[in-house]
Amino acid sequence: MLNLALPHQMTIHLTRLTLQLDYRKSGFSSLLSLAERLYRLSEDRSYLHTLQLEQFKHRLLTWLDIPGVSKRERLVAMHLRNHLRSSTDFLYTDKQGNVLATIQCGVGPTVLLSAHMDTFELKDEHRTILEDGTTLRSSSGTLGADDRAGITAILEVVDRVQNTNFSGTLKLAFTVQEEIGCRGAEGIAPAFIQDVDAAIVVDRRGTRDIVTACRNLIPFCPSDFGSLFEEAGRLAGMPDWKTTTNGGSSDAKVFAGFGIPSVNLSVGYKHEHTEHETVDYAATFETVALIESILHHQLIPLRT
């Protein structure tokens, strides 16, 4: 609760007997802001969601700031490895450059969460990120939310999965060169995915789409598998998550080709690959809630 209430750039250090706040980067006024937030939390528990969303926005902004076009994802991979080192049981980079990880959460299905590390074009070094409500856009060039929004959503799930009822294995695949033909996913280490029961790719434009096929022609999964995600949406109070077979090419198509039931979930960005690209981080956060729901309610079966 304290971590959520902390203003941006203020840090907290807890030991058994002491609590130490560091406000050197955020300024003395941030102490007043912290007090106001804690008071509001004590009066209005719904304010918790506001603070969670604000924290999530700053996490997304951090990933939007890291450059990494196709074939030049090394910096993104380094940041991912540093971030995941303490929260995963197994972490490595395969020959393709994909960052792969495993988190053991008990006995049950193995679920793969995947997003790609490369962006369509290199970000403008002099750009700023502009905000309009919960919508972000770049002052110049593409934003890069395709697919930094997916990366951010998966990392948020990783932080929250231990607070769910999920029992099984969570695998993570952050792939390279998706924008130039899904090359990273196609070359992923076979041993890493051979036991995967389901793949959840987080790389669909818009909101609340559960993509189950490519262009109405190439299925990613049986129809009843997509329905599991609609049920997860209803259980999370988001009944308008709906399946669609009108998807594009993505890593979900590749994983489906390996025989893994797969979906591609909307993650809030629009107008990708253009200077008009935007992302609604509140919608991205709803994708986190959907994945959390399907894990928490243990809706994904073992593959037979």
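The largest pocket has a volume of about 700 Å³, where a pocket is an open set of points on a 1 Å grid over the protein atoms alone at which a 1.4 Å probe fits, with protein on both sides within 12 Å along at least five of seven lines. It is lined by 26 residues, and those closest to its centre are Asn3, Gln55, His58, Arg59 and Asp159; a lining residue has an atom within 4 Å of a point. Two or more residues each are given by α1 (2–5), β1 (11–14), α3 (47–64), α4 (74–84) and α5 (145–160), and the largest share, 8 residues, comes from α3. Helices (H or I, at least four residues) and strands (E, at least two) are DSSP runs, numbered from the N terminus.

This is a predicted model, in which local features need pLDDT of at least 70 and side-chain atom pairs count only at pLDDT 80 or more, while totals for chains, interfaces and linings use all residues. Residues are numbered from 1 along each chain as its sequence is written, and side-chain values use heavy atoms, with hydrogens and water left out.

The axes of α3 and α5, which are lines fitted to C-alpha atoms over the stretch in contact, come within 9 Å and cross at roughly 130 degrees, with angles running from 0 to 180 degrees between N-to-C directions. Contact, meaning heavy atoms within 4.5 Å, involves residues including Phe56, Arg59 and Trp63 of α3 and Ile151, Leu155 and Asp159 of α5.

Definitions and conventions
Grid points are joined across faces, edges and corners, and a volume is the space filled by probe spheres set on the points.
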